[in-house]
Amino acid sequence: MLDHTVQAFDQELSEIRNQIGHMGAMAETLVANSIDALKRTDTKLAAHTVAQDSELDIIEKHIETLAVQTIAKRQPVARDLREIVAAIHIAADLERIGDLAKNTAKRILLVSEPVPKKLLNGLMQIATLAKLQLHEVLQSYATADAERAMKVWREDEELDSLFNSVFRELLTYMMEDSRNIGLCAHLLFVAKNLERIGDHATNISEKIFYLVNGQTIDETR
């Protein structure tokens, strides 16, 4: 490639990385806001979170357009191609994380009473870990740190275990008193949304590992 062509290509890759960073920061904010709304039964914050999700959809489409245009113009190979393809997949996972945060916020809008502390504690454990996984995987993308991404991948088992524990707790609470069924049904969906956020963070970690190493993860959990 001529020098000016190489420079233009580098700028295009940099723009894609920047857009992923911007989208990641927005996804983190949506997740954090949905968790705060749950903790405080804050319907105003929940409604704001629902409204903001559409911005992630716009950025995802922009990233996909940039990626496709770059592939068409530059015909990249090896790591450059892996980076562009990874960006498309990562943007899709971030969009889904935004949807899950929005769906959590929608559940809060349907809950008319504060969540009992004994039920909130378990949900907050899931939420804290899911939020940490998202943050860590975004940092690993920004620094191309495959080992940091692998740490997120391995921690997903802990999140699954927490979800199973909360699931059993909510079922027990429902069986103890049928009046709890409505609230607990909403909380079950919230718990699943949070667990799925961790799954998407794990998906992103797999894309980062492939981006850096040029191969898929061969480790089993």
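A crossing of two helices is called left-handed if the near helix is turned anticlockwise from the far one by less than a right angle, and right-handed if clockwise.

**Entry 1: helices α4 and α5**

I am working with a predicted model. I started with helix α4, residues 117–142, and helix α5, residues 146–176. I found that α4 passes α5 in a left-handed crossing. In the contact of α4 with α5 I noted 14 nonpolar residues, five polar and seven charged. I then looked up the angle between α4 and α5, which is about 165 degrees, and the axes, which lie 9 Å apart. Angles over 145 degrees count as roughly antiparallel, and α4 and α5 are therefore roughly antiparallel to each other.

**Entry 2: helices α2 and α3**

Next I turned to helix α2, which spans residues 43–74, and its packing with α3. At what angle do α2 and α3 pack? I read about 165 degrees, with the axes 8 Å apart. That makes α2 and α3 roughly antiparallel to each other. The crossing of α2 and α3 is left-handed. My tally for the contact of α2 with α3 is 18 nonpolar residues, four polar and seven charged.

**Entry 3: Gln52**

I stayed on helix α2 to look at Gln52, which is found there. Is Gln52 buried or exposed? Its relative accessible area is 19%, and buried means under 20%, so Gln52 counts as buried. Setting aside neighbours within four places in sequence, I listed Met26, Leu30 and Asn33 as the residues in contact with Gln52.

**Entry 4: Arg79**

I moved on to Arg79, which lies in helix α3, residues 78–110. I looked up a relative accessible area of 34% for Arg79, which makes this residue partly exposed. Which residues does Arg79 touch, leaving aside its neighbours within four places in sequence? I wrote down Ala144, Leu211 and Val212. I also checked Arg79 against Phe9: the two are 70 residues apart in sequence, and their C-alpha atoms are 13 Å apart in space.

**Entry 5: helix α6**

My last stop was helix α6, residues 181–213, with 33 residues. How far does α6 reach from its first C-alpha to its last? I got 48 Å, close to the 48 Å expected at 1.5 Å a residue. After α6 comes Gly214, and I noted that its phi is positive, near 75 degrees.

Terms used
Residues are numbered from 1 along each chain as its sequence is written. This is a predicted model: local features need pLDDT of at least 70, side-chain atom pairs count only at pLDDT 80 or more; totals for chains, interfaces and linings use all residues. Side-chain values use heavy atoms; hydrogens and water are left out. Axes are lines fitted to C-alpha atoms, for helices over the stretch in contact, and angles run from 0 to 180 degrees between N-to-C directions. Helices (H or I, at least four residues) and strands (E, at least two) are DSSP runs, numbered from the N terminus. Angles under 35 degrees count as roughly parallel, over 145 as roughly antiparallel, 65 to 115 as roughly perpendicular and the rest as oblique. Ala, Val, Leu, Ile, Met, Phe, Trp, Tyr, Cys and Pro count as nonpolar, Asp, Glu, Lys and Arg as charged, and the others, Gly among them, as polar. Buried means under 20% relative accessible area, exposed over 50%, partly exposed in between (1.4 Å probe, protein chains only). Contact means heavy atoms within 4.5 Å. The expected span of a helix is 1.5 Å times one less than its number of residues.
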